[in-house]
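This report looks at the salt bridges of one structure. Please view the sequence and the model before reading on.

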Amino acid sequence: MSTIEQIKYEGMREEGREEGRTEGREEGREEGRTEGIRALILDNLEEKIAKERILVKLQKYFDLTEEKAKQYYERFASGRVV
């Protein structure tokens with residue numbers, strides 16, 4: 001993961017933490033995690049990174065199973081505008 005990507009994802013996680021303080025810790029944490037996953041997918045698609053590589057990154061950085069990574073990929077990649 002590049003330094004820029006790391007900064008983006010850390011920012012998304014921090015937003016989730018902040019929301020967690022007002023909405024409930026677990027809710028905010030999950031929402032922040034989901035937004036981080038979304039940001040990773042969309043950013044990598046924008047950079048023309050292959051689906052397989054994105055799935056590996058999701059599994060590595062978010063501790064997801066292969067199946068869960070695929071579900072997130074399909075959810076967020078299908079709604080993107082090129």
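## The pair in helix H2

In this predicted model, glutamate 35 and arginine 38 lie three residues apart in helix H2, which spans residues 25–46, so about one helical turn separates them. The two residues form a salt bridge, with 3.6 Å between the closest N and O atoms.

Glutamate 35 has a relative accessibility of 29% and therefore counts as partly exposed. Arginine 38, at 33%, is also classed as partly exposed.

## The pair within helix H4

A salt bridge also joins the side chains of lysine 70 and glutamate 66, at 3.4 Å from N to O. Both residues belong to helix H4 and are four residues apart, so they are separated by about one helical turn.

Lysine 70 is partly exposed, its relative accessible area being 33%. For glutamate 66 the relative accessibility is 48%, and this residue counts as partly exposed; the exposed class begins over 50%.

## The pair between helices H3 and H4

Lysine 51 and glutamate 74 form a salt bridge whose closest N and O atoms are 3.1 Å apart. This pair links distant parts of the chain, 23 residues apart: lysine 51 is in helix H3 (residues 51–62) and glutamate 74 is in helix H4 (residues 66–77).

With a relative accessible area of 32%, lysine 51 is partly exposed. Glutamate 74 has a relative accessibility of 41% and counts as partly exposed too.

## Total

The structure holds three salt bridges.

Methods:
Residues are numbered from 1 along each chain as its sequence is written. This is a predicted model: local features need pLDDT of at least 70, side-chain atom pairs count only at pLDDT 80 or more; totals for chains, interfaces and linings use all residues. Side-chain values use heavy atoms; hydrogens and water are left out. A salt bridge is a side-chain nitrogen of Lys or Arg within 4 Å of a carboxyl oxygen of Asp or Glu. Helices (H or I, at least four residues) and strands (E, at least two) are DSSP runs, numbered from the N terminus. Buried means under 20% relative accessible area, exposed over 50%, partly exposed in between (1.4 Å probe, protein chains only).
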